[in-house]
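Here's a chain to talk through, in questions and answers. Take a look at it before we start.

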Amino acid sequence: NIKLNLIKVNKCLGINFYSGSIRLEDLFESYQVPIYRPGAGDIETKDSGYQRIPKQTRVDAVKKRILESEVEGEAVNTDAFVDNINLNLRSKIAEKTLTPLIKNKEGFGDVFSFDYNLEELNRFFVVDGQTRIRGAQAAYRHAFENNDLVLAGELGDTRVQFTLTFCNDVFLEAYGFYLINQYAKVI
């Protein structure tokens with residue numbers, strides 16, 4: 001189980017949006033990316049999705065950036081996570097399990113406790129941020145492979161901020177992905 005504190009921040013497309021933070025190690029064990037695979041069926045098929053596989057050069061660039069901290073005393077460069085990653089749990093039931101930290105405070109701006117159990121709820125679907133997550137996971141594996149357990153521990157304990165929705169509708173999830181990326185321009 002992972003205990004997450006969530007702030008209810010917005011309602012868009014009929015879905016409540018929550019913000020929080022999660023340890024990278026917890027995220028590595030509990031995410032999946034809905035990758036489009038030609039011939040796998042439509043978007044609703046278990047092994048299909050709506051995102052393309054990230055370019056390995058971009059994943060490697062994130063890994064390198066994370067491992068090359070320029071801040072004295074900090075082994076992990078976290079600037080790749082200056083912006084939220086976007087996650088979705090394909091479960092409306094899970095949202096009903098949120099507990100307000102202050103009784104009867106359940107509006108926007110209020111804080112909720114969420115007990116996430118991978119076995120009960122399945123994985124978080126990454127709506128946006130897969131390249132950053134995969135790059136961080138590659139850095140984490142690199143630290144272990146090089147027997148740098150201190151660095152691996154620091155990477156695993158690094159917290160990243162996320163936006164979380166609870167939505168069973170994969171088409172609505174994909175539309176969120178579209179809205180995030182449609183007007184993004186390469187700098």
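Reader: Is Val59 buried or exposed?
Author: Quick caveat before the answer: this is a predicted model, where local features need pLDDT of at least 70, side-chain atom pairs count only at pLDDT 80 or more, and totals for chains, interfaces and linings use all residues. Residues are numbered from 1 along each chain as its sequence is written, and side-chain values use heavy atoms, with hydrogens and water left out. Buried means under 20% relative accessible area, exposed over 50%, partly exposed in between (1.4 Å probe, protein chains only). Val59 has a relative accessible area of 4%, so the word for Val59 is buried.

Reader: Which residues does Val59 touch, not counting those up to four places away in sequence?
Author: Val59 has its place in helix H2; helices (H or I, at least four residues) and strands (E, at least two) are DSSP runs, numbered from the N terminus. Contact means heavy atoms within 4.5 Å. Gln130, 71 residues apart from Val59 along the chain, has its C-alpha atom 9.0 Å from that of Val59. With that cut-off, the residues touching Val59 are Pro54, Thr131, Arg134 and Gly135.

Reader: At what angle do H2 and H5 pack?
Author: Axes here are lines fitted to C-alpha atoms, for helices over the stretch in contact, and angles run from 0 to 180 degrees between N-to-C directions. H2 covers residues 56-67, and its axis is 7 Å apart from that of H5. The packing angle is about 55 degrees.

Reader: And what do you call that arrangement of H2 and H5?
Author: Angles under 35 degrees count as roughly parallel, over 145 as roughly antiparallel, 65 to 115 as roughly perpendicular and the rest as oblique. For handedness, a crossing is left-handed if the near helix is turned anticlockwise from the far one by less than a right angle, and right-handed if clockwise. H2 passes H5 in a right-handed crossing. As for the angle, H2 is oblique to H5.

Reader: How many charged residues are there in the contact of H2 with H5?
Author: On the H2 side you'll find Arg58, Val59, Val62, Lys63, Ile66 and Leu67, and they meet a set in H5 that includes Arg132, Arg134, Ala139 and His142. Ala, Val, Leu, Ile, Met, Phe, Trp, Tyr, Cys and Pro count as nonpolar, Asp, Glu, Lys and Arg as charged, and the others, Gly among them, as polar. The contact has 7 nonpolar and 3 polar residues. The charged ones number 4.

Reader: How do H5 and H6 run, roughly parallel or roughly antiparallel?
Author: H5 spans residues 130-145 and H6 spans residues 149-157, and their axes come within 7 Å. They cross at roughly 155 degrees. H5 passes H6 in a left-handed crossing. That crossing angle makes the pair roughly antiparallel.

Reader: How many charged residues are in the contact of H5 with H6?
Author: From H5 come Ala139, Tyr140, Ala143 and Phe144, which meet Leu149, Leu151, Ala152, Leu155 and Gly156 in H6. These split into 8 nonpolar and 1 polar.

Reader: Is Asn86 buried or exposed?
Author: Asn86 is found in strand S4, residues 85-89. Leaving aside neighbours within four places in sequence, Asn86 is in contact with Phe125, Val126, Val127, Asp128, Thr163 and Ile180. Its relative accessible area is 15%, which makes Asn86 buried.

Reader: What is the relative accessible area of Ile7?
Author: Ile7 lies in strand S1, residues 2-12. Beyond its neighbours within four places in sequence, Ile7 is in contact with Phe17, Tyr18, Ser19, Gly109, Asp110 and Val111. Ile7 is partly exposed, and the value is 36%.

Reader: Where does Asn122 lie?
Author: Asn122 has a positive phi of about 65 degrees although it is not a glycine. At 54% relative accessibility, Asn122 counts as exposed. You'll find Asn122 in the loop between helix H4 (118-121) and strand S7 (124-128).

Reader: What is the radius of gyration of the chain?
Author: The chain has 7 helices and 8 strands. The radius of gyration is taken over C-alpha atoms, and the globule rule is 2.2 Å times the number of residues to the power 0.38. That rule gives 16 Å for 187 residues, and the chain comes close to it, so it is as compact as a globular protein of that length. The chain's own value is 17 Å.
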